[in-house]
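Biologist: Could you walk me through reading this structure, feature by feature? I would like the general idea, then the case in hand.

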Amino acid sequence: MSTPETRPEGLSALLGKRPEQHKYDHGHAVIVGGPPGQGGAARLAARGALRVGAGLVTLGCPLRAVTENAVQLNAIMVRGLDGTAGLAEMLEDGRITAVCLGPGLGLGPATAELVKTTLRAKRGTILDADALSRFQRAPQALFDMLHDHVVLTPHAGEFARLFPDIAKRHKAGEVSKLDATREAAVRAGSVVLFKGSETVIAAPDGRHAIQTAEGDRAAPWLATAGAGDVLAGMIVGLLARGLDPLRAAEVGAWLHVEAARSFGPGLIAEDLPEALPQVFRQIGL
Ligand SMILES: NC(=O)C1=CN([C@@H]2O[C@H](COP(=O)(O)OP(=O)(O)OC[C@H]3O[C@@H](n4cnc5c(N)ncnc54)[C@H](O)[C@@H]3O)[C@@H](O)[C@H]2O)[C@@H](O)CC1
Ligand SMILES: Nc1ncnc2c1ncn2[C@@H]1O[C@H](COP(=O)(O)OP(=O)(O)O)[C@@H](O)[C@H]1O
């Protein structure tokens, strides 16, 4: 089976770095992590953001999780946050260009407050994992807060939590994955990236992209714990670098599959960020 090439256009211009630029020219991405013992997902996301080229990456986490994170990170900075007030204070720094919430964040009430605080700061924002699942009981409360610089990245389980009626119609074969994702994007009022071996990305204005990892482009090794956390990190890194939400999601999804294909069988989530330099070489950066 021949799968169409879905390489986004203009990658060199979007991803390259010029000699006269310094790290702040490539943006500062923040990943908000969760409690001690659950930091792996946020650290994976942070590594994805750094490898995709964000100039600076900080993992913000509860004060009691600082030691665990700091002993495992070097190029990625760690900052203890005293709850939502601490996050709000951090986001007063206008050089922070994008924020990722969800991987390993937990499903408690604090997650909803951190999401609210982040969305008020009007930065490029990616909401994944627990930042989506936390709103299962009241998805509209989340949609009411979203703005046009947000990307939601649900897997099928998370998609069904936020858009149960659409998921039901999709499961019954009444709507395609593309139409389901487009409807979800309109309802949410933000870009939605619906994950899977076929990853569909849609914006509320109807623009869309599809990244297929099937047939010639199959990458079944991506079905491994933490692969989605790395994808969230790659997208926040691209948002931090100034790509618009649809482009960041599209380019991130393409790089994610290319990194998996470049590494091959045996892939684990940690390998994905480390495979990016090889992909960048292949596309001539
Ligand atoms: N190394 C780590 O620290 C990891 C931490 N993780 C974190 O663990 C938390 C829970 O995330 P999970 O996604 O595991 O659990 P969730 O509770 O979000 O979803 C898993 C449930 O959804 C169902 N489901 C339906 N369709 C699915 C699909 N296409 N893909 C995945 N699940 C589907 C599954 O059957 C399962 O019952 C998140 O905070 C996440 O970031 C995971 O990402 C795994 C790796
Ligand atoms: N069989 C598959 N083929 C290609 N890509 C896959 C496959 N299964 C999962 N993926 C991709 O791997 C990632 C898994 O993300 P997710 O389900 O959120 O896992 P996690 O929460 O463990 O990180 C997504 O980007 C998804 O598109």
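Predicted model: local features only at pLDDT ≥ 70, side-chain atom pairs only at ≥ 80, totals over all residues.

Biologist: Let's start with the record. Which residues does UniProt list for "binding site" from K195 on?

Modeller: The unreviewed UniProt entry lists K195, G196, S197, E198, T199 and G228. They are spread over 34 residues of sequence, yet they cluster in space, with a largest C-alpha distance of 13.5 Å.

Biologist: How should I read burial for E198: is E198 buried, exposed or partly exposed?

Modeller: The idea is to count the other C-beta atoms within 10 Å: 20 or more means buried, 12 or fewer means exposed, and anything in between is partly exposed. E198 is partly exposed because it has 14 other C-beta atoms within 10 Å. E198 lies in strand β8, residues 198–202. Setting aside residues up to four places away in sequence, E198 touches K177, I210, T212 and E214.

Biologist: And where is G228 placed?

Modeller: G228 sits in helix α11, which spans residues 227–240. G228 counts as buried because it has 24 C-beta neighbours inside 10 Å. Beyond residues up to four places away in sequence, G228 touches D128, H155 and K195.

Biologist: Now the ligands. Which residues come nearest to ligand 2?

Modeller: There are 18 residues around ligand 2, and H155, S197, L222, A223 and G228 come nearest. Helix α11 gives the most to this shell, with four residues. By type, the shell around ligand 2 holds nine nonpolar, seven polar and two charged residues.

Biologist: How does the shell around ligand 1 divide by residue type?

Modeller: The shell around ligand 1 has five nonpolar, eight polar and three charged residues. Of its 16 residues, G40, A41, H155, A156 and G157 come nearest. Helices α2, α6, α8 and α11 each supply at least two residues of this shell.

Biologist: Which other positions does the "binding site" annotation cover, besides H155 and D229?

Modeller: The unreviewed UniProt entry also covers A41 and G104. A41 is in helix α2, residues 40–51, while G104 is in the loop between β4 and α5. A41 counts as buried because 26 C-beta neighbours lie inside 10 Å; G104 is buried too, with 24. Leaving aside neighbours within four places in sequence, A41 is in contact with P103, G104, A129, G226 and D229. Among the contacts of G104, counted in that way, are G33, G34, Q38 and A41.

Biologist: Where do K122 and A129 lie?

Modeller: K122 lies in the loop between α5 and β5, whereas A129 is found in helix α6. K122 counts as exposed because it has 12 C-beta neighbours inside 10 Å. A129 counts as buried because it has 27.

Terms used. Residues numbered from 1 in each chain as written. Chains lettered and ligands numbered in written order. UniProt positions renumbered as here; feature names shortened; annotations may be inferred. Contact = placed C-beta atoms within 7 Å. Near = placed C-beta within 6 Å. Nonpolar A, V, L, I, M, F, W, Y, C, P; charged D, E, K, R; others polar.
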